[in-house]
Amino acid sequence: METQREYLARLGLAKPGTRGRFSLAAKAELERARLSGMTFSDSTKAVPKKAAKTPKTTNTEEGEFDSLIPDESPVEYPKIPEKPKLRNIGRVIGYTAEGNKVASDICLSCAHHVNVCSCSGGIEVSPIVATIDPESEPYCKPLANSILV
Ligand SMILES: [Zn+2]
């Protein structure tokens, strides 16, 4: 029976007759080889340790390796709660000092859609907006310059 190093050297993944740690690629290959049923004369990892704890696992070699195969059940990721919709305006409308219409669906402060923005004081509009459309105004943060006017 081969040692792990002899096996890796045969594949060109380790230098024969040396000492030291194996590379990541070498370790991965060892793991792959073990899973495919290969054993090494110097195997340091006690394979059936887990099997002894699990009553389901049989004592056959096949059963021992079954416990090493990752469970194929799909991983369930926690769901990120959706931000509650606070309003249904779709966008806010404003006008620049030159009178050009500006529409935005994103709050400048929190970068969330205006329908879900929960900024205290309201949706922050772009600094290029000089006046907010009366329809959007109740939802928006008062413009800094409008206080000064
Ligand atoms: Zn916001």
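Predicted model: local features only at pLDDT ≥ 70, side-chain atom pairs only at ≥ 80, totals over all residues.
Visitor: Got it. Is Ser 126 buried or exposed?

Guide: Exposed, because 12 other C-beta atoms lie within 10 Å of Ser 126. The cut-offs: buried means 20 or more other C-beta atoms within 10 Å of the residue's own, exposed means 12 or fewer, and partly exposed is in between, with C-beta atoms placed from the backbone.

Visitor: Where is Ser 126 in the chain?

Guide: In the loop between S2 and S3. Strands here are DSSP runs (E, at least two residues), helices are runs of H or I with at least four, and numbering starts at the N terminus.

Visitor: Zoom out. How many helices and strands are there?

Guide: Five helices and three strands. From the N terminus on, the order is α-α-α-α-β-β-β-α.

Visitor: How do the strands line up in the sheet?

Guide: The sheet is open, in the order S2-S1-S3, with antiparallel pairing. S2 (101-104) and S3 (131-132) stand at the edges with a single partner strand each, so one side of each has no neighbour in the sheet. Pairing needs at least two bridges found by DSSP between two strands.

Visitor: How many bridges join S1 to S2?

Guide: Four, and the two strands run antiparallel. Ile 93 has Ala 103 in S2 as its bridge partner. Tyr 95 stands opposite Lys 101 in S2. The hairpin of S1 and S2 has five residues between the strands, and Gly 99 takes a positive phi near 95° there.

Visitor: And S1 with S3, how many bridges?

Guide: Two, with S1 (residues 92-95) and S3 again antiparallel. On this side, Tyr 95 stands opposite Thr 131.

Visitor: Which residues of S1 are on the covered face?

Guide: Val 92 and Gly 94. Ile 93 and Tyr 95 make up the uncovered face. In general, side chains of a regular strand alternate between the two faces of the sheet.

Visitor: Which residues form the largest nonpolar core?

Guide: There are nine: Val 92, Cys 107, Val 114, Cys 117, Ile 123, Val 125, Val 129, Ile 132 and Cys 140. Such a core is a set of buried Ala, Val, Leu, Ile, Met, Phe, Trp, Tyr and Cys residues joined through C-beta atoms within 7 Å. Take Ile 123: not counting residues up to four places away in sequence, it touches Val 92, Cys 107, Val 114, Cys 117, Tyr 139, Cys 140 and Lys 141.

Visitor: What share of the protein counts as buried?

Guide: Of its 149 residues, 13%. Arg 5 is buried, because 21 other C-beta atoms lie within 10 Å. Its place is in helix H1. Arg 5 touches Ala 14 and Pro 16, again not counting residues up to four places away.

Visitor: How do H1 and H2 cross?

Guide: The axes of H1 (residues 4-11) and H2 (residues 24-35) come within 11 Å and cross at roughly 110°. Axes are lines fitted to C-alpha atoms, for helices over the stretch in contact, and angles run from 0 to 180 degrees between N-to-C directions. H1 and H2 are therefore roughly perpendicular. That label covers 65 to 115 degrees; under 35 is roughly parallel, over 145 roughly antiparallel, and the rest oblique.

Visitor: Which residues make the contact?

Guide: Gln 4, Tyr 7, Leu 8 and Leu 11 from H1, and Ala 26, Glu 29, Leu 30 and Ala 33 from H2.

Methods: Residues numbered from 1 in each chain as written. Contact = placed C-beta atoms within 7 Å.
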